[in-house]
Amino acid sequence: MEETSNEAPEAPEPSLDVMQYVRALWRRKWLIVGVTAVMVLLGLFHTLRQPKIYAASTSLIIDVAAPRVLDTDVKEVMGDERGNYWANKEYYQTQSEVITSRAVAARVVDRLGLRTDAAFLGVAGIQDEEARKKAMASVDAVSLVRSRITVIPSANSRVVRVAVEDVDPKRAALLANEVAEGYIAENLALKLKTTEGASVWLEERMGELGSRASTSELDLYKFKRSADVLSLSVNGKDGEQKPSSAKVAYDTYMAELIAVRTKMAAVQARVDAMRQLRKSAGPDTEHWAEGLSEASEGALRDLRNKVLEQRTACVELSERYLAEHPKMQECQGKLAVLQQELRRSLENLVKGAETDLAAVKANERTLLERVGQAKAEAFELTEKEIAYHKLRREAENDQRLYEMVLKRFKELELSGQLRTSNVRVLDAALPNPVPVRPNTRSAVILFFLLGLLGGVAVVLGLEVLDASVASRADVEEKLGLAFIGAMPPLKPEDGGPADLFIHRHPRSPAAEMCRAIRTNLLFMSPDKPFRTVVVSSAGPAEGKSTVVINLGMVMAQTGTRVLLMDTDMRRPRLHKAFGVPDDVGVSSLVVGEGSLERAIKSTDVPNLFVLPCGPLPPNPAELLHTRAFSELLGKLRERFDCILLDSPPLGPVSDALVLSKQTDGILLVLKAGVTQREQAKRAIRSLRDVKARVIGALLNHVDLKGGRYGAEYGYNYRAYGGERDEQRTAT
């Protein structure tokens, strides 16, 4: 036999199957119903045992400010009006805190004498007088009242409801009304306390400020006399501030200085321009004169014209005479005289500009001296003015503060006599005979939802914790094996053996599923069909022998000669299923006892034969390792088209591993919901270690009605099988 190694692939990473959990919820729906029912009953029992709580509420109108009795100019200490949304919101939140404060609760406790009320303190059930008093002393009545107060503001209004809860409806109404009265009294007391404290402080400050005002006025008078401030005319009529004489002189000198400097800049520029022209022109006087604006006016202009005319005349004579000619010499002499006169006039013009520049500079120096003197006088006076204004401001501030404190003291003295409040009772609390707690309907709904969620959580938890192989997805995704098919539990109604169920019910859904397994095996290797297949399981009692029998039956129905070979030499069962003797079998043939014809037994199913185990040997694994067993398997392969070997489980013993190396492959039988994934993975690893060819896995004992796999697989087979049964009945 040619060995073929086909190692089972590694299991891929499992993916989230939502429908798996949906089917799990449906499969365990009665568990969810049970958990929900228990939670509802517990919730109902708990609710009915709770004491009844009654509530009463008092409606209050809380204005931002108290009613205005005095003039609008007279303001109270706590009477500042709030004009924006956030300020009002903060104010009402503060009032809610005041209503639930210990101060208000203490007023309620004192007015109603709750510290000695055994019923309110919850110790009325204590019969012993001493024990009851001790229990009453240990209870904080103020905290108990605070815990029962709830402030409920109304949206977009100034109405606030003060609700109080108690086991007695009448006492709840009484407490609500007393809380409202206590809040009003506390609000008024806080206002009066604040006003009294402010009055005391203002009275103290008023005496200090009066003394300071008198001292400041005297200091100002003394300074005026010593500094002679009145002679400087610092203040004009009607208190109008006017500049001093030193400031006026300084401003005048500065204006003149600016004018002189402006003029000096112009003269300096003119002189610099003349000097630059003279330097650049050199001996050419006419060219220099052209750059001066003064040379185009008056006598200089006439002189320049004469020079030009004389030069023109000399040029005309030079065309007729030589330079030594008397007329030429006469003409040149006149031209030289005119040029000399022009040069002297220009020099005088420059000297005049320089003289003007010197005069302007002298004037500037004089003005600078006067400005310095005026500035010194102004600084000296400014020093005195600063000291004067400082003393005057102090005197005015002291007087103003004194007048302000005096006015405020009189206002508080008047407002402190008022007893008006910004809180009014709109509706007093009335006893309500209907309890607010416990709400049986809401409690039942709540516990129903909790029970439903708890049941779902339990089911999902069981599903997550369930490590068994129960569906096709478990086989393919978590074990990494090919899924060959599924078999339902065989429980015949006619009382016959379960192993021959398919033979007696060939049109049943179980038979159709078994035929599907046969078809899958054929299609897995169409070119080289499996002729020797070991059928094993990960653990005992998973139905491998039943699978071997029924799979052999459906294979024989196709005309294939099939041999069921019982190689489970520890717990053989095939001979019992078919009712054949077990005196001669596999163990006998391996050791050379008996003949093959005598050992092979025919069955009631055409083309189906059985080779029982024979006598149980002491060493099954060693017997399967022998050459005689390999030769026996070769002889059987010549006589039959397909041989199915029923072997022991992979977990306890190694017989199946030995057989898997001598056959075409091994088929694993997994019991749905029973075989653990880790157990199956260990079996697969052992097969992979010996490089056995694992054909795939078959899921046995699948519940077609409510199991995990039945929801997706069993309905089709039931419908298909039922349809064929109806056709058979009709014919």
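## Basis of the Description

Two strands are taken to pair if DSSP finds at least two bridges between them. Strands (E, at least two residues) and helices (H or I, at least four) are DSSP runs, numbered from the N terminus.

The model is predicted: local features need pLDDT of at least 70, side-chain atom pairs count only at pLDDT 80 or more, and totals for chains, interfaces and linings use all residues. Residues are numbered from 1 along each chain as its sequence is written, and side-chain values use heavy atoms, with hydrogens and water left out.

## The Sheet

Eight strands make up an open sheet with mixed pairing, in the order β5-β12-β11-β6-β10-β7-β9-β8. Its edge strands, β5 (483-486) and β8 (601-602), each pair on one side only. In general, the strands of a sheet pair through backbone hydrogen bonds, either parallel or antiparallel.

Strands β11 (residues 665-671) and β12 (residues 694-700) run parallel and are joined by six bridges. L667 has G696, in β12, as its bridge partner.

## The Disulfide and Other Cysteines

The structure holds one disulfide, a term for a pair of cysteine sulfur atoms within 2.5 Å. C314 and C331 form this link, with their sulfur atoms 2.0 Å apart. The pair links distant parts of the chain, 17 residues apart: C314 lies in helix α11 (residues 298-318) and C331 in helix α12 (residues 326-415). The link of C314 and C331 is left-handed, with -110° about the S-S bond.

Both C314 and C331 are buried; buried means under 20% relative accessible area, exposed over 50%, and partly exposed in between (1.4 Å probe, protein chains only). C613 counts as buried because its relative accessibility is 0%, and C642 counts as buried because its value is 6%.

## Helix α16

Helix α16 (residues 509-524) has 16 residues and reaches 23 Å from its first C-alpha to its last, close to the 22 Å expected at 1.5 Å a residue. The expected span is 1.5 Å times one less than the number of residues. Among the buried residues of α16 are M513, C514, I517 and L521.

## A Nonpolar Surface Patch

I445, F448, L449 and L452 make a nonpolar surface patch of about 330 Å². Patches are made of residues with over 30% relative accessible area and no salt bridge, nonpolar side chains (Val, Leu, Ile, Met, Phe, Trp, Tyr) being joined within 5 Å and like charges within 9 Å. A salt bridge is a side-chain nitrogen of Lys or Arg within 4 Å of a carboxyl oxygen of Asp or Glu. Accessible areas come from the Shrake-Rupley method with a 1.4 Å probe; for residues, only the protein chains shown count as cover.

I445 is found in helix α13 (residues 440-465). This residue, I445, counts as partly exposed because its relative accessibility is 40%.
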